[in-house]
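Please look through the model below alongside these notes, which are meant for someone meeting the structure for the first time. The points begin with the packing of helices and then turn to cores and loops.

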Amino acid sequence: MSGEFSADCFRAIANYTYDWESWHAPDGRLLWVNATVERMTGYTPEECLVMPDYPLPLVAEEDRSRITEILTAAQQGDIGNDIEFRTAHRDGRSLWTAVSWQPIYNDSGTHLGFRTSIRDITERHELKEQLRLHAAHLEQLVQERTARITQLEIHRRKMEKLAALGQLAAGVAHEVNNPLAGIRNAFALFKADIAPDNEHYELLELIDSEIERISSITHQMYQLYRPSSHDATTFSLSRAIEDVVCLSQPAAAKAGVTIDCESDQEEIQVTLPEGEVKQILLNLVQNAIQASPKGSAVRLEVGAGDATVSVAVIDQGEGIQPTDLPQIFDPFFTTKVGDSKQGMGLGLSVSRSLIEAMGGTIEVASQPGTGAVFTANFPVADPPGKR
């Protein structure tokens with residue numbers, strides 16, 4: 001009586017346990033399965049008992065080979081624990097489950113078969129997948145931050161190099177400017193004594209223009225490291241752009257290029273150093289004219305936001321090579337060849353130095369054969385203490 005009570009008790013415990021329990025004969029044939037199988041698969045214990053290949057119909061097709069290996073190992077008396085696989089529910093759902101198994105022996109040591117216990121781990125698997133995604137996201141963030149730090153370090157070194165170069169340029173410009181002023185004054189006196197009809201007067205005009213060009217270059221070199229600190233005033237940026245276009249018209253006409261200006265607002269007021277704003281725009285427009293083929297147009301597009309005003313200068317030239325883009329703002333770097341009067345590659349460096357002193361930026365976008373777009377982003381007002 002005690003033995004019958006114990007058997008019924010153990011059977012009841014197994015039948016009402018939360019996990020899906022199965023008992024198998026030594027040859028793997030199913031002897032008993034508890035009611036949990038129906039909750040996890042949709043199949044009743046009675047249906048499972050008549051399945052010739054149980055439990056394979058209850059397993060996702062891609063995991064059936066793994067379960068077959070487990071059943072073979074269990075028949076040979078092996079023990080396994082927490083092996084994950086997907087269970088195929090009758091209604092088409094798929095659950096993540098984990099199986100454990102061990103052999104069964106009676107008191108005399110006779111092998112009676114083995115038992116399997118299958119637990120629903122869908123929630124655990126979902127949490128594991130979320131952790132994996134979070135880990136991947138964190139790794140991506142670390143990689144992005146590392147790349148950003150590397151870029152900032154490269155930028156810092158570049159700025160230190162440019163600062164040293166700018167300091168050298170400013171010193172050279174200062175030293176050259178004094179004797180140059182003497183040369184200019186002496187030459188002016190000499191030129192005044194020469195009649196305009198003199199056969200060499202044209203050469204004197206050339207010398208005069210070259211002295212002026214040297215003076216302009218030294219002035220730009222000095223500004224590269226020590227930009228002027230003009231006071232900010234409130235003025236119409238639209239009118240300043242008109243002045244720049246007017247000043248650029250002679251050069252544009254000589255190059256056979258037209259200048260068009262488009263704006264989404266008629267009047268834009270800013271509080272900035274007006275002379276420096278005009279110099280920046282004049283440099284960009286002159287570069288665009290020099291890059292443009294005859295018969296094309298240089299276009300200016302103006303847009304205003306809440307805190308910034310952008311002026312895009314667009315040319316229809318040959319564009320900038322990708323290898324040149326990282327150096328385009330470096331002092332003395334130029335893509336202009338074949339014309340000694342095209343400058344020394346200081347215009348963009350000076351322009352960037354001036355606009356960054358205002359708290360703005362210059363951006364460039366270009367593809368070979370499609371021209372270039374230089375966008376000057378000005379703050380609406382010069383930030384206090386920026387300079």
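1. Leu237, Ala240, Ile241, Asp243, Val244, Leu247, Ser248, Ala251, Ala252 and Ala255 in α7 meet Val277, Lys278, Leu281, Leu282, Val285 and Ile289 in α8, where contact means heavy atoms within 4.5 Å. By class, this contact of α7 with α8 holds 13 nonpolar, one polar and two charged residues; Ala, Val, Leu, Ile, Met, Phe, Trp, Tyr, Cys and Pro count as nonpolar, Asp, Glu, Lys and Arg as charged, and the others, Gly among them, as polar. Helices (H or I, at least four residues) and strands (E, at least two) are DSSP runs, numbered from the N terminus.

2. This is a predicted model, in which local features need pLDDT of at least 70 and side-chain atom pairs count only at pLDDT 80 or more, while totals for chains, interfaces and linings use all residues. Residues are numbered from 1 along each chain as its sequence is written, and side-chain values use heavy atoms, with hydrogens and water left out.

3. The axes of α7 and α8 come within 9 Å and cross at roughly 30 degrees, the axes being lines fitted to C-alpha atoms, for helices over the stretch in contact, with angles from 0 to 180 degrees between N-to-C directions. The two helices α7 and α8 are therefore roughly parallel to each other, since angles under 35 degrees count as roughly parallel, over 145 as roughly antiparallel, 65 to 115 as roughly perpendicular and the rest as oblique.

4. How do the axes of α8 and α9 cross? Helix α8 (residues 274-291) and helix α9 (residues 347-357) have axes that come within 9 Å and cross at roughly 150 degrees, and α8 and α9 are therefore roughly antiparallel to each other. On the α8 side Glu276, Gln279, Ile280, Asn283, Leu284 and Asn287 take part, and they meet Gly347, Leu348, Val350, Ser351, Leu354 and Ile355 in α9. The residues of this contact divide into six nonpolar, five polar and one charged.

5. The largest nonpolar core has 38 residues, of which Leu237, Ile241, Val277, Ile280, Leu300, Phe374 and Phe378 touch the most other members. A nonpolar core is a set of buried Ala, Val, Leu, Ile, Met, Phe, Trp, Tyr and Cys residues joined through side-chain atoms within 4.5 Å, and buried means under 20% relative accessible area, exposed over 50%, partly exposed in between (1.4 Å probe, protein chains only). Helix α8 gives the largest share of this core, seven residues. Apart from it lies another core, of 20 residues, among them Trp20, Tyr43, Cys48 and Phe85.

6. Aspartate 63 is found in the loop between α3 (45-49) and α4 (64-75), and at 3% relative accessibility it counts as buried. Not counting residues up to four places away in sequence, aspartate 63 touches Phe85 and Arg86. Proline 55 lies in the loop between α3 and α4, and a cis peptide bond, with omega about 5 degrees, joins tyrosine 54 to proline 55.

7. Aspartate 82, placed in strand β3 (residues 80-88), deserves a look at its backbone, as its phi is near 60 degrees, a positive value in a residue other than glycine. This aspartate 82 is partly exposed, with a relative accessible area of 37%.

8. For the chain overall, there are nine helices and twelve strands, and buried residues make up 37% of the 387 residues.
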